[in-house]
Amino acid sequence: MISRTDVFEDSWPPTELPNRNDELEHLSRRLGPTTRGLEGEDVLIYGGSGVGKTATTRHFLSRKLPDYADVAWTQISCGDKTRNILLKEAAAEHPDDIPVQLNWRPSRLKAALERVVDGEPYILVLDEADSIADHEILADLADVEGVSVIVIAHDRTEWLGHLNNA
């Protein structure tokens, strides 16, 4: 019998993650600068379906990071979304969101994201990033001061191969 159905919700962060200390420590080292108001390093998390990539990331961002600082973050499920949709969601999901329109050019959406972030740390989780067709989004996000990106993908070699071919 299942007594807690909330554990199946996408927004559910686990309270305990046994055997994930190394992974949590890695995220802490890479994103530690965000607790001091600085941009963290980008991170690629990869592995097979169901191994806990997203759960580990959520656990760190919602349970561990808040112990040190209140850093804005959002998770975007990439699922075949265009560059424009990803940029729009990145700006719109920020806690200090501003109105953005999907039909704006990527440069205008990127400028909107720059305004909302305003150099403050902002962590973007690109979940299921294997489905991103236009990898120019990564260059867009890299140009925005304060944005740190966590890319969650299944196959590291395939993901990095797509980047080299872009």
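Biologist: Among contacts between residues at least 6 apart in sequence, what percentage join residues at least 24 apart?

Modeller: It's 68% of them. Keep in mind that this is a predicted model.

Biologist: OK. How many helices and strands does the protein have?

Modeller: Six helices and four strands. Going along the sequence, the pattern reads α-β-α-β-α-α-β-α-β-α.

Biologist: And what percentage of the residues is buried?

Modeller: Buried residues come to 40% of the 166 in the protein.

Biologist: Let's start with helix 1. Which of its residues are buried?

Modeller: Leu24, Leu27 and Leu31 are buried in helix 1. They span an arc of only 60 degrees around the axis, so they sit on the same side of helix 1. Asn21 and Asp22, on the other side of helix 1, are exposed.

Biologist: Why would residues spaced like that point the same way?

Modeller: An α-helix has 3.6 residues a turn, so residues three or four places apart point the same way.

Biologist: What covers the buried residues of helix 1?

Modeller: The cover includes strand 1, helix 2, strand 3 and strand 4.

Biologist: And Gly32, where's that?

Modeller: Gly32 is in the loop between helix 1 and strand 1. Its relative accessibility is 16%, and the cut-off for buried is under 20%, so Gly32 counts as buried. Gly32 and Tyr68 are 36 residues apart in sequence, with 9.1 Å between their C-alpha atoms.

Biologist: Which elements supply at least two residues each to its lining?

Modeller: Helix 1, strand 1 and helix 2 do. Strand 1 gives the most to the lining of that pocket, four residues.

Biologist: Which residues line the second largest pocket, and how do they divide into nonpolar, polar and charged?

Modeller: The lining includes Arg20, Glu23, His26, Tyr46, Lys53 and Thr56. Leu27 is part of the lining too, and that's one of the buried residues of helix 1.

Biologist: Now helix 3. Which residues are buried there?

Modeller: Asn84, Leu86, Leu87, Ala90 and Ala91 are the buried ones in helix 3. Looking down the axis of helix 3, they fall within an arc of 165 degrees, so they line one face of the helix.

Biologist: What do the buried residues of helix 3 pack against?

Modeller: Strand 2, helix 4, strand 3 and helix 5.

Biologist: And helix 5, which residues are buried in that one?

Modeller: Ile137, Leu138, Asp140 and Leu141 are buried in helix 5. Their arc around the axis is only 160 degrees, which puts them on the same side of helix 5.

Biologist: How many residues are in the largest nonpolar core?

Modeller: There are 28 residues in the largest nonpolar core, and Leu113, Leu126, Ile132, Leu141 and Val147 have the most contacts inside it. Strand 2, helix 3, helix 4, strand 3, helix 5 and strand 4 each give two or more residues to this core. Helix 4 has the largest share of this core, with five residues.

Biologist: What is Ile132 in contact with, leaving aside neighbours within four places in sequence?

Modeller: Ile132 is in contact with Cys78, Leu86, Leu126, Ile137 and Trp159. There's another core apart from the largest one, with 14 residues, among them Leu61, Leu65, Val71 and Ile123.

Biologist: Last one: is Thr74 buried or exposed?

Modeller: Thr74 is buried, with a relative accessible area of 8%. Its place is in strand 2. Thr74 touches Glu93, Tyr122, Ile123, Leu124 and Val125, again not counting residues up to four places away in sequence.

Definitions and conventions:
Residues numbered from 1 in each chain as written. Predicted model: local features only at pLDDT ≥ 70, side-chain atom pairs only at ≥ 80, totals over all residues. Heavy atoms only, no water. 1 Å grid on protein atoms, 1.4 Å probe; cavity = no way out; pocket = protein on both sides within 12 Å on 5 of 7 lines; lining within 4 Å. Buried < 20%, exposed > 50% of the residue type's maximum accessible area, 1.4 Å probe, protein only. Arc of directions from axis to C-beta. Contact = heavy atoms within 4.5 Å. Core = buried A, V, L, I, M, F, W, Y, C linked by side-chain atoms within 4.5 Å.
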